[in-house]
Protein chains: 2
Amino acid sequence: MTADRDRRRATIHDVARHAGVSITTVSHSLNTKGIVAAATRQRVLDAAAALGYSPNPIARRLRGNRLGVIGLVIRPLDSLETYQPEGVDYFVRFVGAAAVESLDRGFGLMLVRDPTKQNAPAIALGVDGFIVCDPVGNDPVIELLDRSDIPLVTVGRDIERPNFENWLESGGVTDATVVFEHLSAQGAKRIALVTGTDDNAWYADSMQAYAEWILAHPQDAIVYHQDETTGETGGRVVADAMLADARGLPDAVYFLTGRGAAGLQARFQERGLEIPRDLLIVAGSDAEQTRSAVPTITSVDLAPEETARAAVDFLLRRLDDENAVAPPPVQNTLRVRGSTTRPSA
Amino acid sequence: MTADRDRRRATIHDVARHAGVSITTVSHSLNTKGIVAAATRQRVLDAAAALGYSPNPIARRLRGNRLGVIGLVIRPLDSLETYQPEGVDYFVRFVGAAAVESLDRGFGLMLVRDPTKQNAPAIALGVDGFIVCDPVGNDPVIELLDRSDIPLVTVGRDIERPNFENWLESGGVTDATVVFEHLSAQGAKRIALVTGTDDNAWYADSMQAYAEWILAHPQDAIVYHQDETTGETGGRVVADAMLADARGLPDAVYFLTGRGAAGLQARFQERGLEIPRDLLIVAGSDAEQTRSAVPTITSVDLAPEETARAAVDFLLRRLDDENAVAPPPVQNTLRVRGSTTRPSA
DNA sequence: CACGATTAGCAAATCGTTTTGTAAAAAGCT
DNA sequence: AGCTTTTTACAAAACGATTTGCTAATCGTG
């Protein structure tokens, strides 16, 4: 089952010898560079085919060419000490779609941890380009890649880097406004917002949209921040905090993380509230927990697949043209479900 | 925001010049090879730190060292003309867990399409090792990697390669037997088996277990094969075929793909059967569709996360020790749900 | 002080490509 | 024939590391 002869992979030298020419001529023939007589070129091609030769991508890259790999960093997963993506629906779907799109375009997709960390695989800085998903403010990963002259594209902007332009919109002001309008249409008068604790654009934009909404529709500002890594438990904690709040309960909650929203709903139900009769709930990202909760929870579908494809496409365009411009934002949609559908309506 | 000077990344030569030594000494100092005076070594280390030097992984790899990347090929996704992983629960979870485990061990995980195909990224053959998930019989990918002397580990064996030993068990004879026993305990007397059309070990082992079961518990052999890429639609097709079968309906169906099982159940319900009263259903792999169907469908949990971690660990061990031996099979469990739970029971 | 053993450090080869510069051969022109 | 131009092909220099010899310098020891 092992290689019959211990013959290593054929190199350009083998092809040259086999065709009776120099390695220069081989290289030129294969890459249609330089000037090579048609007959010679054919001879080289035949020799290459006979030997099953394919150029070594590593050697090629060393000389300055492309490796055919793009790196993907998912920041929110990164910041955790122990990577724990289970149930993090959005990222799993994002990775899958990004992989497919890259592969279809002839690139491998490499998943990498924060490349600024010491134990990061060294190859991280050898790839052709990077996609950074949901960077934090003044993200050191952007800093590093930028300094290393590696093209990069982010999904969601770095809120502390107004001059950085290579980013795609991913959920933002409009999304949040659509949610508030929906809640309002369902009769909500006191809307609460719950974000995570990361310093990213998604949270910042949602906060801003909330502030603007309140200005136009006066009510108490009810905002909670809950560490996104706490998942459903975190949602329960927020529910308890709301129940203990002297200002009284809101009549609608916009919880940005899907798992958190599910935990919040479950805890409120345990404490005797009926959803959606007593309280409306919307999750800012769709997740299995929002789809399988009872009642099912209205969620923003952030369209991770489409976003991933757009990100890969944008990066690949930038590889060829440094000045390629970002595509228009991906259209997200609100999936209205049981948690905001009053039986009467 | 761009690099202030167009200073490229520092090389070993820069460090050597800065420290006033030769590049040999730099290399030796950094890798603690050779013999270097403590003072010199410190000087080199300081210079390297001052310049922010880190060795170029590509150059390193060219000389024969490790790249720090492992490749992952998911065969069932590969065989499709258009990669379409949506809803394929098992693989998405597998990829996520494999990525985490690799990253934690200092390796990047690169997703690759069938590297035997022409348009595959060239780098595919430059990685340190490969994991191939669910190889088909006499898999050309194994052939290629083996010939290229790239260490590889498969999840599920290649059924036509009895001598190939570097594989992990993934669902097999035991799983299927457990399912048949469960169905039998719930009163089933005519069990049908539905596999996909791929030529892999999972299907083959299930077929064999079925054959053995029938031998011990005489009944008609009712076996269907349905292209796994057809998803829920495929499940409906099988249901219709069973309804049209002159031998009459089975009283239990073991459908290996989760989406297929969900489609089958839905179609039977449309045609007036009540599940589980009239027919028991078990899915061979868990999926969102089996969890959210009504009733929920009993499924085998193939433990993709644990399997992925075991595969990465096995491969990494084999990188260091060619003779490392495969770990024991991962324990799968049967998640009993509504589709096989008779209210009476 | 002479001698072998050890310690330090360097030049050069190597990995497999691409690219640059140059020389030889062929062709074109008076 | 003698000269310039165009073709064709090659040798050699990158790319950035690791590793192999080899030469000095230092150290013990009798």
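**Sheets and the DNA-facing surface of the predicted model**

Strand β4 (residues 152–155) of chain B is paired in parallel with β5(B) through two bridges; helices (H or I, at least four residues) and strands (E, at least two) are DSSP runs numbered from the N terminus, and two strands pair if DSSP finds at least two bridges between them. Within β5(B), B:Trp167 is the bridge partner of B:Thr154. The model is predicted, with local features requiring pLDDT of at least 70 and side-chain atom pairs counted only at pLDDT 80 or more, whereas totals for chains, interfaces and linings use all residues. Residues are numbered from 1 along each chain as its sequence is written, chains are lettered from A and ligands numbered from 1 in the order in which they are written, and side-chain values use heavy atoms, without hydrogens and water.

Both β4(B) and β5(B) belong to an open sheet of 10 strands with mixed pairing, in the order β5(A)-β4(A)-β3(A)-β1(A)-β2(A)-β2(B)-β1(B)-β3(B)-β4(B)-β5(B). The edges are formed by β5 (167–168) of chain A and β5 (167–168) of chain B; each has a single partner strand, so one side of each lacks a neighbour in the sheet. Helix α13 (residues 304–320) of chain A lies across β1 (69–74), β3 (129–133), β4 (152–155) and β5 of chain A, at about 160 degrees to β4(A). Contact means heavy atoms within 4.5 Å; axes are lines fitted to C-alpha atoms, for helices over the stretch in contact, and angles run from 0 to 180 degrees between N-to-C directions.

A further open sheet, of six strands with mixed pairing, occurs in chain A in the order β7-β6-β8-β9-β10-β11. Neighbouring strands of this sheet are turned by 20 degrees against each other on average, direction ignored. Strands β9 (residues 280–283) and β10 (residues 298–301) of chain A run parallel and are joined by two bridges, with A:Ala283 opposite A:Ser299 in β10(A).

Around DNA strand C there are 28 residues, of which A:Ile12, A:Lys33, B:Ser22, B:Thr24 and B:Thr25 come nearest; a residue is near if one of its heavy atoms lies within 4 Å. Polar contacts are pairs of N or O atoms within 3.5 Å; within protein, one must be able to donate a hydrogen and the other to accept it, and residues adjacent in sequence count only if both atoms are side-chain atoms. The side chain of B:Thr24 places an N or O atom 2.7 Å from a base nitrogen of DNA strand C. The largest share of the surface near DNA strand C, five residues, is contributed by α2(A).
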